[in-house]
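Me: I would like to learn how to read the features of a protein model one at a time. Could we go through them together, with the general idea before each case?

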Amino acid sequence: MPDNYLPEVRNQYEALPYPPCDPQDEHRRLALTWLEDLPMINHYCFAGKQSFQKGFRALVAGGGTGDATIFLAEQLRHTDAQIVHLDMSEASIALAKERAQIRKLTNITWVHDSLLNLPALAAQLGQFDYINCSGVLHHLADPDLGLKALLSVLKEGGAIGLMVYATTGRIGVYQMQALMRLVNGDETDAQRKIANTRDILASLPPGNWFKRSEELHHDHKAGDAGLYDLLLHSQDRSYSVGELFDWLGDVHGLHLAFTDVQRGRAPYLPHMVLGSKPPAMAAALRKLPVRQQYEMAELMGGNIITHSLYLTRNAACTAPYGDTDYVPFYYHEPLTAELAAQVFGNSRGQPFMLRHQHSGVSITVNPGKYGAKILALIDGRRSFGEIFDLFRAAWQGKAAAPDNATLFADFAESYETLNALERLLLRHMSVEVAAAK
């Protein structure tokens, strides 16, 4: 094993498989993971042109009890795609296998090993189009070594879906971890450490930082495995947005595509984490470099506890806005063409305040002259070219109907807003219709 292979971490996940799960739940529901929605992977990683056919290969590195693996395998059930589930915990793999068996999934290969060994396993496992590595690198003594291992088996045009801890939203967690190291001292028995932690949690005063931010965290309420992973982990670090740009972008030359809204958290844009009365300088903030906007948003929102992002070797891997051959489609319920057109049309073309209930953010949006009508024509099958042709066919103005460039410019802010909220994505017209979700 490599030098920074962590026996204590492996032992933790053998004793307390993570994430905690009951395989029998597969009879009732499919657990969804944010990064593994195929339409999102297609939009952010493959310029909207990925069919997930022709031998598509995915690796779930540090797959644990199988959430990402099962979700990917279920979506890819009727394709020739293959998924490799790799984890260093036999106990976690056993639970993941049971879940797959219940669902009768046959497109998964199981590998019991550390992701740090991927370079040595490359001849056996081959290269991958997509790699999920969620909640793993921040538990390595040398996360960069882990990233290099992932890159060693990533195809040239491939992508990584990455989740790592975020510093700002986890301040209370790290204070609790420090507290429990003092409380537990030399204690080595996991169950005693868990009991001590529950005792302390029940006694926290209102001013405690973890107590004040407890609504951001849920693992400690999900059984012993979740509590241990959150508050008693032996190897745990976090990153700010700036540190991720430095590490992943500047050092490794990767393109970072953050996915912006999930689990009630604000997006990585400062004009979208403001209160109900955005300041006059909001427009100026939108003109700053993206990295600077993201760094400010993380500090302004204060509630981002994990960073979820896609890594590619080329910025052009994100589906481009402004191409008539791309199909816009609504994603993540309950947004529909009727609802979007109504919300954006009520302002009669004037800037209005959009309040996003899921994340709690408010944003001033300029819908343009034609935004509401374009939104009403989006059905997930028509390309922008077809939508614009329909728009012009119904044109009743005295002047000539606007051309494609004018319509793209007018609709740009509406698209950017809904895309930042992961409610409007793109796929190329050559790819089959994305499943509604």
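The dialogue below takes up the sheet, the packing of helices, the aromatic pairs and a few single residues.

Me: What should I keep in mind about the origin of the model and its numbering?

Reply: This is a predicted model, in which local features need pLDDT of at least 70 and side-chain atom pairs count only at pLDDT 80 or more, while totals for chains, interfaces and linings use all residues. Residues are numbered from 1 along each chain as its sequence is written, and side-chain values use heavy atoms, with hydrogens and water left out.

Me: How do I read a sheet, and in what order do the strands stand here?

Reply: Strands of a sheet pair through backbone hydrogen bonds, in either the parallel or the antiparallel sense. Helices (H or I, at least four residues) and strands (E, at least two) are DSSP runs, numbered from the N terminus, and two strands count as paired if DSSP finds at least two bridges between them. In this model 7 strands form an open sheet of mixed pairing, in the order S3-S2-S1-S4-S5-S7-S6. Strand S3 (108-112) and strand S6 (255-258) stand at the edges with a single partner strand each, so one side of each is left without a neighbour in the sheet. From one strand to the next, the twist averages 20°.

Me: Which strands pair with S1, and in what sense?

Reply: S1 pairs in the parallel sense with strand S2 (residues 82-87) over 5 bridges, and arginine 57 has glutamine 82 in S2 as its bridge partner. The chain passes from S1 through helix H3 (residues 67-75) to S2, and this β-α-β crossover is right-handed, a term that applies if, with the strands pointing away from the viewer, the path from the first strand over the helix to the second runs clockwise. S1 also runs parallel to strand S4 (residues 128-134), to which 3 bridges join it, with leucine 59 opposite isoleucine 131 in S4. For an antiparallel case, look at strand S5 (residues 154-165) and strand S7 (residues 306-312), which pair over 7 bridges; there alanine 159 has threonine 312 in S7 as its bridge partner.

Me: Is strand S1 largely enclosed or open, and why?

Reply: Buried means under 20% relative accessible area, exposed over 50%, and partly exposed in between (1.4 Å probe, protein chains only). Strand S1 (residues 57-61) has 4 of its 5 residues buried, so it is largely enclosed by the rest of the structure.

Me: How is the packing of two helices described, and what is the angle between H11 and H13?

Reply: Two packed helices are described by the angle between their axes and the distance between the axes. Axes are lines fitted to C-alpha atoms, for helices over the stretch in contact, and angles run from 0 to 180 degrees between N-to-C directions. Helix H11 (residues 241-251) packs against helix H13 (residues 290-301) at an angle of about 145°, their axes being 9 Å apart. Contact (heavy atoms within 4.5 Å) brings Val241, Gly242, Phe245, Asp246 and Asp250 of H11 to Arg291, Tyr294, Glu295 and Glu298 of H13.

Me: How do I read an aromatic pair, and how many does the structure hold?

Reply: A pair of aromatic rings is described by the distance of the centres and the angle of the planes. Rings of Phe, Tyr and Trp (its six-membered ring) pair if their centres lie within 6.5 Å, and planes under 30 degrees apart count as stacked, over 60 as edge-to-face and the rest as tilted. The structure holds 22 aromatic pairs. One of them is the edge-to-face pair of tyrosine 370 and tryptophan 395, with 6.0 Å centre to centre and 70° between the planes. Tyrosine 370 is buried, at a relative accessible area of 15%, whereas tryptophan 395 is partly exposed, at 28%. Phenylalanine 384 and phenylalanine 411 are also edge-to-face, with 6.3 Å centre to centre and 65° between the planes. Phenylalanine 384 lies in helix H16 and phenylalanine 411 in helix H17, so the pair ties together parts that are 27 residues apart in sequence.

Me: Finally, is threonine 69 buried or exposed, and which residues is it in contact with?

Reply: Threonine 69, which lies in helix H3, is buried, with a relative accessible area of 0%. Apart from its neighbours within four places in sequence, threonine 69 is in contact with Val60, Ile83, His85 and Ile108. Threonine 106, in the loop between H4 and S3, is exposed, with a relative accessible area of 74%.
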